[in-house]
Amino acid sequence: MRKISIELVPRSTEILAQELQQVREHFPSIDTINIPDLLKFPLRSWDACGQARQLFPNAIPHLRAIDFDLGKPFPLAETLAQYGIDRVLVIAGDQPQDMSRRVFRTSSVELIRAIKTQVPGLKIYAGIDPYRTGIKDELDYVKRKLDAGAEGFFTQPFFDLRLMEIYYDLLSGLEVYWGISPVMSVRSKDYWDNLNNAIFPPDFAPTLEWNRALARKALEFVDKTGSSLYFMPIRVDLVAYLEGIL
């Protein structure tokens, strides 16, 4: 049975409250909210997910591995329990632009292992990046995360469903949330091309119509395969993007 998640940016408690209400009102099939931890905003992902849990049964905060000192106990166990959060997504994390913020040499594999040891009841998702390296190297990385205690995965957004189908075949048996994100401008496509080495199909167009068509095809894919999907609606009107699709 498919599960649908949506990724919301934690700009502030007020804006997040509006977006959560919008999702609940327009898209009742969405049962999971996942929230990145973005250093440019003061609202941390776990606090934002605590807010989301008031309206949704599942909320998944992103945890940046480089923010955690493995020489100390995992600091969020009590906070997550108080919010009723029973799952997290561990990512490596980008270096902060503000170098006054302290980071550590903690890898995502190391943080997954540490959390699973200290909080065994917490479900841990990890990331899959189909553009990071070659497919074999990424699959080896997936195996290391599984060995460390990961139980599911969220992918970087796919823009070409042919590549998603290849990864689906290679990741058979794993719980995976396949990522879809609208790209509404040439500048945005350049970002995904140049910074993330993303792959776009020849017919790509930075229009709402093309992106809605991709979302519809992705939903057909997860319905057919019984897998799950998450939307990352960056810089697009959420209702205009998904109305009539979900």
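The request continues below, and one connected reply follows.

Me: Please focus on strand 8. Which strands are joined to strand 8 by bridges, and do they run parallel or antiparallel? Where is Ser227 found, and which side chains does the side chain of Ser227 contact? Then go on to the aromatic pairs and to helix 1.

Reply: This is a predicted model. Strand 8 covers residues 228–231.

Now the strand itself. Strand 8 is covered on both faces. Ser228 and Tyr230 are buried on one side. Leu229 and Phe231 are buried on the other.

Next, the pairing. Strand 1 (residues 4–7) runs parallel to strand 8, and three bridges join them. Ser5 has Tyr230 as its bridge partner in strand 8. Strand 7 (residues 176–180) also runs parallel to strand 8. Four bridges join strand 7 to strand 8. Ile180 has Phe231 as its bridge partner there.

On to the rings. The count of aromatic pairs is 17. One of them joins Phe154 and Tyr177: the ring centres are 4.5 Å apart and the planes meet at 10°, so this pair is stacked. Phe154 belongs to strand 6 (residues 152–157) and Tyr177 to strand 7, so the pair ties together parts 23 residues apart in sequence. Phe154 and Tyr177 are both buried. Phe231 and Tyr241 make an edge-to-face pair, with 5.9 Å from centre to centre and 90° between the planes. This pair links distant parts of the chain, with Phe231 in strand 8 and Tyr241 in helix 9 (residues 238–242), 10 residues apart. Phe231 has a relative accessible area of 0%, so it is buried. Tyr241 is also at 0% relative accessibility and therefore counts as buried.

Trp178 returns here. It is part of one aromatic cluster with Tyr131, Phe158, Tyr167, Tyr168 and Phe221.

The charged end of Lys145 is over the ring of Tyr141, 4.0 Å from the ring centre. Lys189 lies over the face of Phe200, 5.0 Å from the ring centre.

Last, helix 1 (residues 13–26). Its 14 residues, at 1.5 Å a residue, should span 20 Å, and the end C-alpha atoms are 20 Å apart, so the two values agree. Leu16, Glu19, Leu20 and Val23 are buried in helix 1. These residues cover an arc of only 100° around the axis, so they lie on the same side of helix 1. An α-helix has 3.6 residues a turn, so residues three or four places apart point the same way. On the other side of helix 1, Glu14, Gln18 and Glu25 are exposed.

Definitions and conventions. Residues numbered from 1 in each chain as written. Predicted model: local features only at pLDDT ≥ 70, side-chain atom pairs only at ≥ 80, totals over all residues. Heavy atoms only, no water. Helix = DSSP H or I, 4+ residues; strand = E, 2+ residues; numbered from the N terminus. Buried < 20%, exposed > 50% of the residue type's maximum accessible area, 1.4 Å probe, protein only. Pairing = 2+ DSSP bridges. Phe/Tyr/Trp six-rings, centres within 6.5 Å; stacked < 30°, edge-to-face > 60°. Lys NZ or Arg CZ within 6 Å of the ring centre and 35° of its normal. Expected span 1.5 Å × (residues − 1). Arc of directions from axis to C-beta.
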